[in-house]
Amino acid sequence: MRGRVSAAALAVLLAVTPLLADEPAVLEFRAERIEAADWRLDELHASFELSDDGLRGAVRVGRIEVPAAGIELADSAVACGQVLLSRSRIRCRAAALTADFPGIGRQTVAANFDYERDSGGLQFDVTGLAVAGGELRLDGTTAAAGSELRFAGERLEIGGLVDLARTFGVDTGELETSGFADLDGTLRAEESGLTRLRMDAKLTDASLSNDAGTLVGAAVGGAVGLTVARSAGAWRFDVEIFADRGEVYIEPVYANLAEHAVRLRLGDVRTEDLVVFDVGEFNLVQDSTVGVSGSASISVPRGDAPATLDSGHFEVIDTAVETVYTSVLQILAAGTMLGDLETAGRVSGSIAVRDSAIDSAQLELTDLILDDRQRRFAVYGLSGTLNWPGAGRDPDDAAPSRLEWAAANLHNIIMQGAGVSLRLGGDDLVLLEPLRIPTMGGALVVNRLVMNDYGTDDASGLLDAELEPIQLGQLTGAFGWPAFSGSLSGRLPLLQYEGNAMTVGGSLTARAFDGDIEVSNLRIAQPFGRVPRLQADVRLRLLDLERLTSTFSFGLIQGRLSGDVTGLRMAGWEAQAMDLHVYTPPDDPSPHRISQRAVENLASVGGGGAAAVLSSGFLQFFEVFAYDRIALRCLLRDGVCAMSGAGPAGRADGQPAGRGYYIVRGKGLPRIDVVGYRDRVSWEALVRQLVRITRSDARVVK
């Protein structure tokens, strides 16, 4: 028989099978198509045999289709070990199903089928289906109301599952994957297509990465729960993830799951195009270190392009700063001053995101520690409130921010606790009241601070500050220099920052060593870059040499010293060019006396021969000598100093000058002159020589 018949007609034909024949009764049946409400068979050839053992059958089908569930099996054959007939059902037991399964090839698997005559519904189960290096078990039902498929598999290769998904048109990008998954789930379909999917997965040693390096997972272990529903042309998702093994990087977030297990829930996620996802409820907990909840809109482009956070609102709940820093901020700050910090403390508050950028933030900081591993700066016990209205907002739109800290350190300069009131808005900052930071026995007082567009190429700002007298010994000790005596004070009048450069609207004045220091024409280009460039002129007037030299192991010099540094140019805080000239001021009324040790050290700087004179003859018995004046000049260019001093050296009887220049010109009896003979000296070597002298505790001449 060939033609188009219904499933009910097949049942009638089977019912009239001869039952009393001496030989086994055989019935063959052919049909071009048999179809029910939501399934159909094409090119059916059935053969049934009735024997003493019961009814057996073999069925070959050109194609089996369940359109709503997306099932289509080509060139299929079913051999029923036992066929059971009743008024309401046809059962095929202990069957062998052979078919070309989509994506996994032709296989023969064990199966059972149960057809209900009245409803046209079909129940089935399939075991031993080879998928992704493991076995998958299927069972389900098809009926007029829809189809439901249940599946379960153990130790399936994740790479094989990804490849299988690609065969069904799922865009997985260029992912490299490995590891295993145990799956259990249910798929529901209606005439319109897939309507609901529930799946639970257990991951073991799961690893994945994309070509762009924006998504990386290594040896991840945990569980994933997924529910997908479709209605009115839109998809709705609920996702729950728990992971307690391995490492994950999803740009720009990194997490060590073995150290801190992660629980993530995305609820009421809706999408129409599977590209833009609106997350109705978001909750992330990482042990006791991170708590974040909120809602968001996320774009997941097809291919390898990274996902983007388009908008959202998040509540940060008593979160550890260390975890936030190591997971997110450290990656974003790589290569900057904030890229290598020791951190601690807690943070709470709320953050809003709009157009893929932070739109506003209100944060409560509790006992933070930010300690640079490069020892450039540190802040301890930082607490307070930050209110930031976001980019493009006026500072007046935000409530004031207030921060306090217990202690701080900047390039080994220890600062005591203080508090600051600010108003933040967009990329702008305004100091609301003077800030006084106690340090080194005095204080730094910031009277005015304004910054605009900070963090951008158009950043600019103003700073008006002064230095209450600080102890020079503490300042120089912080720089690793010998401890100076005395104090330092001064004023920084209206420092301006614009065009990635700092300039001072006036002169920086300071008081040190009972004299005056003035820095003018100060300009620092790229002050926060890797190689800051400084230019300035420095004026020294009437410094007390005894106070200055007693600070170092240089030897005693009494008198006053003035000097000028013009055309100073520094790169990376190292001198590149300058005209340095230090000298005894004219008409200095103070005593001019110099010790043997100071004579020897000055002679070594200029390559003079005073050491030989002092080490022999009667001058060795004198500890201190009088001098008329001291002078030394270095014209630095291209790493070399052109040296000179207090005029060309001459004989004491007034005869024409000989070779060399005076560094110290003697006076009275016993008289000693220090003459320099090196007119060109490497600046690097000169600095090393001065450092060696100032750090030496041994007397050169006895």
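A: The model is predicted: local features need pLDDT of at least 70, side-chain atom pairs count only at pLDDT 80 or more, and totals for chains, interfaces and linings use all residues. Residues are numbered from 1 along each chain as its sequence is written, and side-chain values use heavy atoms, with hydrogens and water left out.

Q: Is Phe237 buried or exposed?

A: Buried means under 20% relative accessible area, exposed over 50%, partly exposed in between (1.4 Å probe, protein chains only). Phe237 has a relative accessible area of 14%, so Phe237 is buried. Phe277 is buried too, at 15%.

Q: How many aromatic pairs are there?

A: Rings of Phe, Tyr and Trp (its six-membered ring) pair if their centres lie within 6.5 Å; planes under 30 degrees apart count as stacked, over 60 as edge-to-face and the rest as tilted. The count is two. Phe237 and Phe277 are edge-to-face because their planes stand at 65 degrees, with ring centres 5.9 Å apart. Phe237 is in strand 13 (residues 234-250) and Phe277 in strand 16 (residues 276-286), 40 residues apart. Strands here are DSSP runs (E, at least two residues), helices likewise (H or I, at least four), numbered from the N terminus.

Q: How do Phe282 and Phe314 pair?

A: Edge-to-face: 5.7 Å centre to centre, 80 degrees between the planes. Phe282 lies in strand 16 and Phe314 in strand 18 (residues 308-320), so the pair ties together parts 32 residues apart in sequence. Phe282 and Phe314 are buried.

Q: Which residues of helix 2 are buried?

A: In helix 2 (residues 158-167), they are Ile158, Gly159, Val162 and Leu164.
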